[in-house]
Amino acid sequence: MRIIPISLPTPFYIGPVNVYLIAEDPITIIDTGPKTKDAINALRDGLRAAGFRGSDLRRIVLTHAHEDHCGLARSLRDEAKDAEVFVHEWETGHRVGRLEYAEHRQLLVRAGVPDDEIEGMRRMYEGVRMYADSFDDHEYNPLWDNAELEFATGTLRIVHTPGHTPGSCSFVREADRTIIAGDCVLKRVTPNPVLSPDPLDSSKRFPSLAEYLVSLARLRSFAPTLVHGGHGDVVHDYEELFHRYVRAIHERQSQVIGLLSNQGASAWEISRLMFPQTDDVHRFLAVSEAAAHLDLAHSEGKIALELAGEREIYRPN
Ligand SMILES: [Zn+2]
Ligand SMILES: [Zn+2]
């Protein structure tokens, strides 16, 4: 089973995105790139170099529903006529064109984000949404944890690896322990656990960092020899990267706890202390990161959490 990486340009800060062609029946692409002219052209070039066209695709599989990964899913599906689109059910809320604004807004209010900042984030997300088409629920096939995607000469095991988003999935070729991990594993940066409603109870925040640590350990249990991430180079030394991530998470947690004074602070206030220079896009990611670390520290009993009106305030124990 040939796995062919294709790098596509994105208009986003993260840079190019990696998508993966499984060049074997049924011809499958894992992730699609954003909906831009440059990305579609680069994708066509990549497919052609491998001896295929967009109309050859039979399956479009999404690691998660961020625009840089899923933006072209609808165009590709329409072009390939009977191609099926697969994504994990927990991507609801991130699902293209359906950023469930009311739920996100409530999470941002609870995290202490001021109204004008929330408005700025909403405008920014409206801009980002242009890079993906929307889908209806019935247009998706669900990816089930531990099920297999079958190919002519092998299989890819679907592994639900929540953290970066609730419905993020990785794909493991067990024969040689190769993994396609989307944004769960990135060579150079520690992936950001993005603030999301819990798919099982949208009034709650998804415990993204706690889930992420479990996902990293689960991938480790496959003893991967090679990991293809959603951005950047291939990872040959997952074990080393795993330890680096865990160390970075612990260091960041100590920093976050250290920023809490006795009168307490919201996730937003902590994010402004951690990243004072950030602009709009990155303020959302910054408050995501602060909330993720505060939630993990709270779930580990290291800090206290109380409600002040609608806002959650964290305090040292
Ligand atoms: Zn992502
Ligand atoms: Zn990405």
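Does His64 count as buried or exposed, and at what relative accessibility? At 1% relative accessibility, His64 counts as buried. Buried means under 20% relative accessible area, exposed over 50%, and partly exposed in between, with a 1.4 Å probe and protein chains only.

This is a predicted model, where local features need pLDDT of at least 70, side-chain atom pairs count only at pLDDT 80 or more, and totals for chains, interfaces and linings use all residues. Residues are numbered from 1 along each chain as its sequence is written, chains are lettered from A and ligands numbered from 1 in the order in which they are written, and side-chain values use heavy atoms, leaving out hydrogens and water.

His64 sits in the loop between β4 (59–61) and α2 (67–70), Asp183 in the loop between β10 (178–182) and β11 (197–198), so the pair ties together parts 119 residues apart in sequence. Helices (H or I, at least four residues) and strands (E, at least two) are DSSP runs, numbered from the N terminus. Asp183 counts as buried, at 5% relative accessibility.

Now the sheet. An open sheet of 6 strands runs in the order β1-β2-β3-β4-β5-β6, with mixed pairing. Two strands pair if DSSP finds at least two bridges between them. At the edges stand β1 (3–8) and β6 (140–142), each with a single partner strand, so one side of each has no neighbour in the sheet. Inside the order, 3 bridges join β2 (residues 17–22) to β3 (residues 28–30), and these strands run antiparallel. Ile22 stands opposite Thr28 in β3.

Thr225 is partly exposed, with a relative accessible area of 35%. Asp176 is 49 residues away in sequence, yet Thr225 and Asp176 are 7.3 Å apart, C-alpha to C-alpha. The side chain of Thr225 reaches the backbone oxygen of Asp176 at 2.8 Å.

Notes:
Polar contact = N/O pair within 3.5 Å; in protein donor to acceptor, adjacent residues only side chain to side chain.
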